[in-house]
Amino acid sequence: MRDVVIIGSGAGGGPLALELSRRGLDVLVLEKGPRYERQDYVHDELTGRQPGVFVPKVSEDPHVLVRAGTAAPELTTLGWIGSCVGGGTVRMGGYFYRFHPDDFRMRGRFGPFEGLEDWPYSYEELEPYYCRAEWEVGVSGHGGPEDVPRSRPLPMPPVDCHPLAGAVDAACQRLGLRTYSTPRAVNSRPYGGRPACSYCRFCGEYGCPTGARGSSQESLLARAEATGRCEVRARVMVKQILVGLGGLATGCVYVDAEGREQEVHARVVCVSCSAVESARLLLLSKSGRFPDGLANGSGLVGRHLQFHSGSVARARFLVKDHPDKELLNPNPYLGRSLMDDYFLPPGVSPLAKGGILRFGISAPEPVATALRLATHASGQLLWGAPLEKQLREHFREGLELHAEVFQDFIPNARTYVELDPEVKDRWGLPSARIHLHEHEHHRLAGKWLMERGLAVFEAMGANELKPGGIGYTTRVHAHGTCRAGNDPRTSVLNAWCQAHEVPNLFVVDGSFMPTSGGAAPTLTILANSFRTADHIAARFRAGEWH
Amino acid sequence: MRDDAAPLALSEERVRTFAAAADRILPGQHGPGAAEAHVVGCLPTLLELPVFAVLRPHFESALDLLQSMARELHQQDFARCSASQRDALLLRLQGIPHPAARRALGALVKATLMGYLGDPVHGGNRAGLGWKSLGLWIERHGGAR
């Protein structure tokens, strides 16, 4: 009998594993995907992030997508965040923003709007855990917006930035906007026994071969295992959580890499498979007491699914027109963000909520870029000397910047997860069927925010402004499916991410979040997990589960 | 997962045709071209890539079309045609008003670029000449440039 079994090893599972094993508890982490090592994380455009490496192949392990207004379900990879030890944090860019205090009270601030609901705790209650996550993982940066208060500075100064960072600051100042240093889970100096960043030209979507980026694997699980009290088992697929006669979770059943079924017994069960898969696991865990899925008496498991809504603006700067700006300096970091547009002025959208604008330098990605350049604006394919000329001009004569924002995905009745009636995964279990409806706020806010990004590039003297996508549903963030709240009729989990109906079951990834925030959620997921870990440890200490 | 019905390797004839076509797609007018960068060396990796599996039929169509046009018009293999003859044949392929021809040429250009700019460990982009022509260097295991 283990003290704790944790299902999933990403941003939710990592803090639990570290904290609970540090406090003397016996912890088992079960991860569906493989365990990679640093040397496996190659910066190879052709092979470094292909299907099956971080996210399952659609042919082997599909999700199903039904878009509102269409009849035909399609197989998709949407809803997979990262299937490997470390989960999605293994391939994240590591943008570690804090949410704004009003993200925790969206309904309080904006009134009823679709599925928006307040969190069962405030920013102030999470704040010490934001600090804990920033120091445990290792976040570099400086300062931040005044209306996001902090009780402790970041542990590391910002990474060195490209000379253009100053131009971003100056242009924003002229526009009356206040830039701040983008907080990154990237070591700007050796930290946590891991080296400083090597300033490669890859980052997000690839693994980090140096260990400088603070994935759950590098910064949390490694130390958890070093306590001697945490075992991480990779390549095991949990099929079901087991429930005893008393209505408590008793452990789980998994299929190992050799195809054998094994049972694990534990005093406490923590689920952290990311929002779509955590909901699926609960829905699969039916029993006499829970005929609609574990902890699902409310019928809300799988509901309030939220991804993020993304928008992007790009701009090109030519060396000949910006001779003083060292455009071709290979430093990959622009490192600037704006929170000025986190709330929208009246008239943009029925919901006056925006997001953080993150300014960055587009990675060279020579293969992908060349493939794009080979198709002329007219649609004609380029080859021969004209193609060579285009390639050399693009890479040698200018630089592309982007401004990206992740806005709130509005929770709504038509976006949710259920078990698919037909499609199965490779273990024969019903796959997750995702129903998706994108509220028009995504487009309205996205268009405005994208134009704000273009305005900054224009103020910087960009040679070419390139409007990008607006309000697209992102694939790398998922939230909401096991909503946390104080009322068991309208939530699955309480403020400690404990299932209302199952006192020794916790769901600790993005599933708990009533709203998705206008920024990447990873730091918030980590902070919440540290908070829940403290709570679980305290209850063990009080003798609750022995 | 590999489709077992498709042969693992390309025929020698198609490989030669690819090398000869790549030599005109990136002729090396102002720096190393596809030939000097040994683009064709990347083929074994390309043929294993899931993303290339979708392109492969169109890629092979392009090679076969170029070869058959060369034999018809010049009574010899595409690979033996002169540079200007090969350019004319590529233009001819580009001029065919059919979506399949456009996809075929597109796949051929894509394969050339993947072989020119993919990591040298895969056999193309010899000595990083493709990257160097663009002022780039990419460390396989992290590192700066």
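**View 1. Elements covering helix H9 of chain A in the predicted model.** The cover over the buried residues of H9(A) includes helix H4 (164–174) and strand S10 (309–318). Strands S11 (336–338), S12 (357–361), S13 (398–407) and S16 (464–467) of chain A also belong to that cover. The buried residues include A:His441, A:His442, A:Trp448, A:Met450 and A:Phe457. H9(A) spans residues 441–459. Its 19 residues reach 27 Å from first C-alpha to last, close to the 27 Å expected. Just after H9(A), A:Gly461 takes a positive phi of about 85 degrees.

**View 2. The buried face of helix H4 of chain A.** A:Leu164, A:Ala165, A:Ala167, A:Val168, A:Ala171 and A:Cys172 are the buried residues of H4(A). Seen down the helix axis, they fall within an arc of 160 degrees, so they line one face. On the other side, A:Gln173 and A:Arg174 are exposed. The buried residues pack against strand S5 (179–181), S11, S12, S13 and H9 of chain A. Just after H4(A), A:Gly176 has a positive phi of about 80 degrees.

**View 3. The largest nonpolar core.** This core has 92 residues. A:Val4, A:Leu30, A:Ile241, A:Leu493 and A:Leu505 have the most contacts inside it. Helix H10 (residues 522–541) of chain A gives the largest share, 9 residues. Apart from this core lies another, of 59 residues, among them B:Ile25, B:Leu66, B:Leu113 and B:Ile138.

**View 4. Contacts of A:Leu505.** Neighbours within four places in sequence are left aside. A:Leu505 is in contact with A:Ile241, A:Val269, A:Val271, A:Leu282, A:Leu294 and A:Ala295, among others. A:Cys497, A:Gln498 and A:Ala499 are also in contact with A:Leu505.

Methods: Residues numbered from 1 in each chain as written. Chains lettered and ligands numbered in written order. Predicted model: local features only at pLDDT ≥ 70, side-chain atom pairs only at ≥ 80, totals over all residues. Heavy atoms only, no water. Helix = DSSP H or I, 4+ residues; strand = E, 2+ residues; numbered from the N terminus. Expected span 1.5 Å × (residues − 1). Buried < 20%, exposed > 50% of the residue type's maximum accessible area, 1.4 Å probe, protein only. Contact = heavy atoms within 4.5 Å. Core = buried A, V, L, I, M, F, W, Y, C linked by side-chain atoms within 4.5 Å. Arc of directions from axis to C-beta.
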